[in-house]
Amino acid sequence: MKLKGLKNASGCMCLLIVGALFSFIGWRMGAANMLNTVMHTAHDLLLNTCFYLMSICVITGAIGKLFVEFHVVDLFEKMLRPLMKPLFNLPGMASLGAVLTFLSDNPAIITLSKDKRFASHFKKFQFISLTNFGTAFGMGLIVIVFMIGAGYYVEPFIGFVGAFAGCIISTRCMQHFVLKAYPQYRDEVAVDFEPTSADDGSEQTPLERKSTFLRTLNSLLDGGKMGVEVGLSIIPGVLIISSLVMILTFGPSTSGAYTGAAYEGIELLPDVANVFAGFFDAVFGFSDPHQIAFPITALGAVGAALSLVPNFQAHGWIDGNAIAVFTAIGMCWSGFLSTHTAMLDSLGYRELTSKAIISHTIGGLGAALVAHWIYLLYMLAV
């Protein structure tokens with residue numbers, strides 16, 4: 001009976017929140033205009049943004065698979081290994097996770113952590129912090145390529161440096177919180193692993209040698225197929241989250257009336273941002289209150305956040321600083337609210353989800369701050 005009561009209360013609360021939200025939007029726009037705007041916005045996002053993002057995912061996926069096949073990833077991993085211990089307090093093996101998540105998405109770090117040989121190099125507190133470490137680089141290549149495609153060439157790399165700094169902050173904070181709650185995790189090994197003859201490959205039959213051309217072709221096609229899957233997974237976040245955020249960000253048509261066209265809205269987020277304009281200017285350097293929509297959207301899905309950029313450009317709401325900050329916070333947060341719970345649950349440490357979210361929130365703000373100040377120094381230099 002108690003469980004049934006909780007379900008009923010949850011259902012009523014959900015109806016109340018959803019009803020209040022859309023009643024408010026419908027009251028401002030008109031019910032018919034609101035529904036038409038939602039449908040037209042989602043349709044335009046699907047055709048002009050989702051498929052564009054999917055094409056980027058296919059190309060970057062093919063490049064990523066090619067890098068794996070010809071050991072470029074191994075080369076990057078060896079180059080990055082010396083940075084792991086002093087910056088992140090992680091074993092050198094963790095650099096492989098950074099490269100893989102940069103080329104793909106956040107869950108790649110979990111797939112890697114399921115490898116007992118890989119996990120055996122970590123203490124428990126380090127192993128748990130992999131969730132924060134990997135998330136900070138998720139979809140990094142896609143974000144940077146998208147920003148370059150939008151006509152910005154230096155700013156995305158400034159944002160990458162900011163995301164790198166945010167990753168250090170997030171990973172170190174998470175390790176601090178874990179050790180404070182579980183001091184014994186400092187010395188406990190994440191996974192006990194003893195290699196066998198099967199693990200070292202002594203009993204494995206040699207793989208059939210393939211020509212370089214065939215390896216290249218297979219890598220490109222397999223990577224492109226993975227890119228299609230990533231592109232498809234982006235679509236729900238873009239259509240659902242971005243449509244809602246855009247309605248809360250944009251205003252009526254140029255005539256000042258609501259017509260039901262795509263990208264009309266009630267301008268609620270800019271009004272809220274104006275209240276905290278001093279904070280956003282200090283941390284992000286935002287020159288327009290509409291820009292706050294990007295980091296809010298990135299919390300749920302970075303692909304959805306990227307879909308805001310073309311419309312911001314069309315309205316003249318963004319500048320180089322915004323692109324640098326968008327890249328930093330887009331990479332560092334990259335939908336962590338929707339993935340951290342599942343990632344920690346798969347590792348077996350669900351109870352630490354709140355600590356991971358707090359750590360990554362701090363890391364994302366740090367990434368934005370670093371990107372903002374590096375951009376200011378860059379502008380002074382040029």
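Which residues does T249 touch, not counting residues up to four places away in sequence? They are E267, L269, P270, H290, A293 and F312, where contact means heavy atoms within 4.5 Å.

## Model and confidence

This is a predicted model, in which local features need pLDDT of at least 70 and side-chain atom pairs count only at pLDDT 80 or more, while totals for chains, interfaces and linings use all residues. Residues are numbered from 1 along each chain as its sequence is written, and side-chain values use heavy atoms, with hydrogens and water left out.

The protein chain has a mean pLDDT (the predictor's confidence in each residue, from 0 to 100) of 85. In the chain, 93% of residues reach 70 or more. Among the elements, helix α10 (residues 155-181) has the highest mean, 95. Helix α5 (residues 108-113) has the lowest, 73. Over residues 200-207 the pLDDT is below 50. Beyond near neighbours in sequence, that stretch has four contacts in the model.

T249 lies in helix α11. Helices are DSSP runs of H or I with at least four residues, numbered from the N terminus. T249 counts as buried because its relative accessibility is 1%; the cut-off for buried is under 20% relative accessible area, with a 1.4 Å probe and protein chains only.

The largest nonpolar core has 98 residues. Such a core is a set of buried Ala, Val, Leu, Ile, Met, Phe, Trp, Tyr and Cys residues joined through side-chain atoms within 4.5 Å. F133, F284 and F326 have the most contacts inside the core. Helix α17 (residues 320-333) gives the most to it, with nine residues. Leaving aside neighbours within four places in sequence, the contacts of F326 include M147, F286, F294 and F312.

## Two pockets

A pocket is an open set of points on a 1 Å grid over the protein atoms alone, where a 1.4 Å probe fits, with protein on both sides within 12 Å along at least five of seven lines; lining residues have an atom within 4 Å of a point. The largest pocket has a volume of about 440 Å³, the space filled by probe spheres set on the points. It is lined by 19 residues. L100, L103, S104, D105 and M226 lie nearest its centre. The lining has nine nonpolar, seven polar and three charged residues.

The second largest pocket holds about 310 Å³. Its lining has 16 residues, with F76, L80, V99, F102 and F160 nearest the centre. Helix α3 gives the largest share, five residues. The lining divides into 16 nonpolar, no polar and no charged residues. Ala, Val, Leu, Ile, Met, Phe, Trp, Tyr, Cys and Pro count as nonpolar, Asp, Glu, Lys and Arg as charged, and the others, Gly among them, as polar.

How values were computed: Helices (H or I, at least four residues) and strands (E, at least two) are DSSP runs, numbered from the N terminus. Buried means under 20% relative accessible area, exposed over 50%, partly exposed in between (1.4 Å probe, protein chains only).
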